[in-house]
Each structure stands twice: as structure tokens, then as C-alpha cells.
Amino acid sequence: MPFGPPAIKLASGSEEVPAPAPSAKKPAAVHADAYPIDLATALRLADAGNLQVAYAREQIRQALARADRADVLWLPSIRAGVGFNNHEGAIQNVAGGQINTNRGAVYFGAGATGYGNGSPTVPGIYANFSLADAIFQPLAAQQLIGCRQQAAAAVQNDTLLRVALAYLDLLRANQEATIAGESRDLTRQLADLTGNYAKAGEGLQADADRMQTELTVRLNDVERAAEGVQSASARLVQLLRLDPATPLNPLEPTIVPIEMAPVGMPLRQLIAEGLSQRPELAENRMLVGEAAARLRREEVAPLLPNVILGISEGDLSAGQGDSFANLQDRFDLDAIAYWELRNFGFGDRAAQHEVRSQMQQAQIRQFDVADQIAREVVESYAQIQSRRTEIETARRGIQSAIDSHRRNLERIQAAKGLPIEALQSVQALAQARREYLRTLIDYDAAQFSLYRALGSPVLHYADKTAPPSGNAQPGDREPIRAQTPSPGHD
């Protein structure tokens, strides 16, 4: 019984590693109405529809609106309306005496409620602002816009990394289902052989019972693997905001190591690259700048005036009793500038201390983020270096497991051994395949993590890659796939 499955290629020109033989039909773990999808499309769907990315972008729009409002803080408001006033009975005149009178007034135009010798209660053109706010609020608002933009970039990077890792989990689950199916088939073969040996009197019934027990375990492994595929698909569907009732099926037939992060650079240079490119650091720098603008505002606020401007023009008709004068034009102008020392100056000092503390907090947070970025770069770099070695070790383990299984089968075919003696080799082969799968997934995950740690969104990697072609089976739905060129085309 020869055993010669196809091979997984690590990279162009690298040594081949045996892999589970692909089935001509869909694996049992793949749902009949599953949508095929590739990594590039998954990343683009996340960039376009993920709720966290959308929320971060809405925060940018909010910051832009605040900046627009700060830019027009000094512009007056325009008001128009009509007002009626009526008084009957005692009232005090300007000289201080009390008199009885019956009077009324009607006013309409730019403003409202104009009567007596004072300006209209509601001026037609009205402005009331602090000159310090008019100068420094736009500066702080611009810093906040940059802060929100960098925060959105960080959310995008984090979300795309989560999607890439979720896609790797889906690949892992599908490969584990393939491994479980292969192990089940090999175990079923041995169970049938062991049963035949027992019936022919060339083996023990106890061995046949043990093989049947082992087969039930392998059958449950297949079911658990199918459950894992569905769970991994559901997690990716949630991130992409697709139909939760329709599972996803990755287009890639297997997993290979990817090379996307510049691991050939010295580690210190990689750390410097991360510190210069990560949007989180830029976000905190702009938070410091925003706090600095607000601090400057609090420092100069007692020296700059507050401005009040009121302009009204309309028609007034007033008189005593039922006798009203004819409508006549009326114009009022009030322009006021006043200086304020809040709470004898203690309020201003407290406000300065508060904003200065906020600026210090942003600076401390900036140092903390820089330390975190350096740690992420070093950690991902170390993982890549270690897991590259693990891949080579796992490859050798698969070859040894295949050789062991082949030799066991040859002994059985030569009537030099019993089928149950090959059971351990089947178990070792499945374990070796899972170990190799783990090392590949962990290596690719470390590559994505380092790429993100350096400040580059994983979507950039997807833009440079082409989707696989020719992997869909007859009867499959149209794959969810990015519109990118095929390999070898510009």
C-alpha cells in the first residue's frame, strides 16, 4: 500500500514538504453554500465596512466640525423677530419718582423686543466671545483633527491585523479538518485490516476492538474540526460584517510561509522605523500640541478682552393707552470690550494648572506608547526568527512520520507485522502535520504582527499580492475576491 501524498512548497525554489492529499470534492467541514474568499478581499471588506474603523472615521468628521466652529467663533449671529410690550400701573421714572401710566410698544425687524430707551433685548446682529478663544481654539482644533486622523489610522491597522489573524485561523481550521479527515481514513483502513486479521485468526480480537475505539476518537476529531471551521468562519464574518448565516471558505488550498516584514534589517533600525511610523505616537504628539494650545489660551486669557457686539435695526410703534405713534425706523449699536479675572485670579491659575497637567499626561502617555511599540517590534522580530527554525524542524518531523508510516505498511504487506503496529505511526503523522501547521500559522501571524508594529497597515501587503486562481470547485459560488492582477502581471 504505497503512501505518496503531494507536497506543500515553502517558497519558490525551496524544498517540498509532504502535505495531506487534497480531495476532489469539498471537505466535509465546508458548508454547501459557503462563500469563497481570499485574504486581499477580507482586508478590503474590513477597511470598508468594519464598525470600529467607521467609528474612528466619524470621530475625524466630528473633529473637522469642531474646527469649523472654532474658525467662525468671532463671527456674529443674525437674529430677526417681533416683540410687543405692554405696561399698566405704577412704574418708576428716570428721575426716581413713581408714576402711574399705561403704555405699549411694538417692534419688528433685525432683533426683537425693543422698547423704552434701552437697546433691544435680542439684538439683530450679536456676538459674544473671548478673544483668547477666537485665537487659540482654532489652533487646538487643528491639533485635534490630526490626533483623530492618526487615531483612525491606528484603529485601521489594528482592525486589519485582527482580520488577517482571523483569516489565518480560518485557514488553520480548514487544514485541521483536512488532517483530521486523513487521519480518520488511515485509521479506518487499519481498523478494517485489523478486523480482517482477527476474523482470519491471524490477529487478536482485542486489537480489532482497540482499533475500533481509536476510529471513534478519529471520527469525533473530524466533527470537532468541522465545528472549528464554523467558529473561525463566524469570527471572520463578524469582523467583515457579512451575512452571519453564510460561512466563508478560504480560496487558498494550503498555508505557506509569507515574507512581508523587513526582517533583514538590524533590530535597532526596525525599532526606529516603528517609532517614526506608528500613528499612535503621532496621535499622542498632537494631543500634546492640543494641550499646549489650550494652556497658552489660559495664560493669555486675563490679558485679552471679551467682546460683546449688538446691532439692531427695525420699526417701532409706541405710545400711551391705545394711542400708538406711526411706525418709525430705529437703530441701536452696542460694542463692549471687557477684561475678566476669574475668581480673583485663582480660577485662572487653577485652569492653567489643569491644562498643564493634561499636557504632562499626554507626554507621559507618549513615552509609554513608545516603549510599547519597541516591545512589539522586538517581540514580533524574535517570534519570526524562532518560528522560522521551528518550521524547518516541523518539516523534518513530517518526513520522519511519513517514512515511519510507510515502513509500517511495508512490514504489514510483507506479513512481518500486524496492522495495529501502524497505529502509532498514524497518530504520529497527524501530530506532525498539526505541528507543522501550527508553526506555519504562528510564523505568518508574527509576520503580520511585525508589519503592523512597524506602522504599516496589512492592507498594503494585500495590495501587492494577487489572489489565487483555479482553486474553486465546480458548482462553487462566485468567490469573494479582490480585483487585483494575477501573479506576474504589472
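## Overall make-up

Accessible area here is the Shrake-Rupley area with a 1.4 Å probe. By that method, the protein exposes about 26,200 Å², and carbon and sulfur atoms supply 52% of this area. The structure is a predicted model.

The protein is 490 residues in length, and 43% of these residues count as buried. Its secondary structure consists of 9 helices and 11 strands. Among contacts in the protein with a separation of 6 or more, 79% are between residues 24 or more positions apart.

## Strand E10 and its partners

Strand E10 covers residues 306–320, and several strands pair with E10. Strand E6 (residues 98–112) runs antiparallel to E10, and 7 bridges join the two.

Strand E8 (residues 125–130) is another antiparallel partner of E10, with 6 bridges between them. Two residues of E8 show how this pairing is lined up. Tyr 126 has Gly 310 in E10 as its bridge partner, and Phe 129 has Val 307 in E10.

## Strand E4 and the other pairing of E8

Which strand do 2 bridges join to E8? It is strand E4 (residues 77–78), and E4 and E8 run antiparallel. Within this pairing, Ser 77 stands opposite Tyr 126 in E8. Tyr 126 therefore takes part in two pairings under the rule that two strands pair if DSSP finds at least two bridges between them: Ser 77 stands opposite Tyr 126, and Gly 310 in E10 is a bridge partner of Tyr 126.

## Helix H3 and its packing

Two packed helices are described by the angle between their axes and the distance between the axes. Helix H3 spans residues 131–199, and it packs against helix H6 (residues 279–300) at an angle of about 165°. The axes of H3 and H6 are 8 Å apart. Angles over 145 degrees count as roughly antiparallel, so H3 and H6 are roughly antiparallel to each other. H3 passes H6 in a left-handed crossing.

H3 also packs with helix H4 (residues 205–240). The axes of H3 and H4 come within 8 Å and cross at roughly 165°. By the same cut-off of 145 degrees, H3 and H4 are therefore roughly antiparallel to each other. The crossing of H3 and H4 is left-handed.

## Two buried residues

Is Leu 186 buried or exposed? Leu 186 lies in helix H3. Its relative accessible area is 9%, and buried means under 20%, so Leu 186 is buried. The C-alpha atoms of Leu 186 and Gln 427 are separated by 9.6 Å, although the two residues are 241 residues apart along the chain.

Ser 449 is found in helix H8 (residues 423–453). At 19% relative accessibility, against the limit of under 20% for buried, Ser 449 counts as buried. Leaving out residues up to four places away in sequence, Ser 449 touches Leu 161 and Ser 380.

## The loop between E11 and H7

Most residues other than glycine have a negative phi. Where are the residues Asn 343 and Phe 344 found? Asn 343 is found in the loop between E11 and helix H7 (346–413), and Phe 344 lies in the loop between E11 and H7. Phi of Asn 343 is near 50°, a positive value in a residue other than glycine. Phi of Phe 344 is near 60°, again a positive value in a residue other than glycine.

The accessibility of these residues can be judged against the cut-off for exposed, which is over 50%. Asn 343 has 57% relative accessibility and therefore counts as exposed. Phe 344 has a relative accessible area of 78%, so Phe 344 is exposed.

Terms used: Residues are numbered from 1 along each chain as its sequence is written. This is a predicted model: local features need pLDDT of at least 70, side-chain atom pairs count only at pLDDT 80 or more; totals for chains, interfaces and linings use all residues. Side-chain values use heavy atoms; hydrogens and water are left out. Helices (H or I, at least four residues) and strands (E, at least two) are DSSP runs, numbered from the N terminus. Buried means under 20% relative accessible area, exposed over 50%, partly exposed in between (1.4 Å probe, protein chains only). Contact means heavy atoms within 4.5 Å. Axes are lines fitted to C-alpha atoms, for helices over the stretch in contact, and angles run from 0 to 180 degrees between N-to-C directions. Angles under 35 degrees count as roughly parallel, over 145 as roughly antiparallel, 65 to 115 as roughly perpendicular and the rest as oblique. A crossing is left-handed if the near helix is turned anticlockwise from the far one by less than a right angle, and right-handed if clockwise.
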